[in-house]
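Here's a quick look at the charged side chains in this one. Have the viewer open while you read.

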Amino acid sequence: MTVPKRFDVLRFMGTLLKVFAWISLILSILSAIGIVLLPQMGALGDFFGPYSSFIGNGTSAIVAGLLVLLGGLLYFVMLYATGEIILLQIAVEENTRLTAALLLKMHQDSQGEPAQPAQYEGGFANEPAPYR
């Protein structure tokens with residue numbers, strides 16, 4: 001027995017958040033690699049001209065790269081967990097609805113056919129025999 005799927009927009013948003021999480025992780029890894037490798041490219045010093053001192057040396061670039069990577073990992077975990085929480089709540093709702101439907105079906109099956117109430121003219125089921 002299955003229940004119809006509901007909350008298509010929430011399902012889409014949960015999946016979209018998980019996709020954004022992976023994109024965030026990939027971009028943060030590429031950014032961290034770029035930040036670390038940028039100072040080692042000596043030819044870029046001429047490209048940046050007087051602003052080449054802002055790029056920093058190797059040690060500060062490694063620290064900055066690690067901080068960018070750590071921030072990207074943090075965003076990845078938050079976005080992925082948010083997407084999973086949305087999908088988890090949808091799954092709990094579907095499971096609850098399915099359980100309620102199965103319990104109702106079990107209850108109806110255990111009742112059998114409903115007994116026909118006795119038809120009395122007085123309208124009371126437990127009237128004494130002379131008054132029926």
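How exposed is Arg 6, going by its relative accessibility? Arg 6 comes out at 40%, so Arg 6 counts as partly exposed; the label covers everything between buried (under 20% relative accessible area) and exposed (over 50%), with a 1.4 Å probe and protein chains only.

## Ground rules

Keep in mind that this is a predicted model: local features need pLDDT of at least 70, side-chain atom pairs count only at pLDDT 80 or more, and totals for chains, interfaces and linings use all residues. Residues are numbered from 1 along each chain as its sequence is written, and side-chain values use heavy atoms, with hydrogens and water left out.

A salt bridge here is a side-chain nitrogen of Lys or Arg within 4 Å of a carboxyl oxygen of Asp or Glu. By that rule, the count comes to five.

One of them pairs Glu 93 with Arg 6, where the closest N and O atoms sit 3.6 Å apart. That pair ties together distant parts of the chain: Glu 93 belongs to helix H3 (residues 58–111), Arg 6 to the segment before H1, and 87 residues separate them. Helices are DSSP runs (H or I, at least four residues), numbered from the N terminus.

Glu 93 also has a salt bridge to Arg 97, at 2.8 Å from N to O. Arg 97 and Glu 93 are four residues apart in helix H3, so about one helical turn separates them. Put together, Arg 6, Glu 93 and Arg 97 form a network of salt bridges. As for Glu 93, its relative accessibility is 22%, so Glu 93 is classed as partly exposed.

## Further along H3

Asp 109 and Lys 105 make a salt bridge too, with an N to O distance of 3.2 Å. Both residues are in helix H3, four residues apart, or about one turn of the helix.

Asp 109 is exposed because its relative accessible area is 54%. Lys 105, at 43% relative accessibility, counts as partly exposed.

## A buried lysine

Now over to Lys 18, which is part of helix H1 (residues 8–37). Its relative accessibility is 19%, so Lys 18 counts as buried.

What does Lys 18 touch, leaving aside residues up to four places away in sequence? Its contacts (heavy atoms within 4.5 Å) are Tyr 80, Gly 83, Glu 84 and Leu 87.

Methods: Helices (H or I, at least four residues) and strands (E, at least two) are DSSP runs, numbered from the N terminus.
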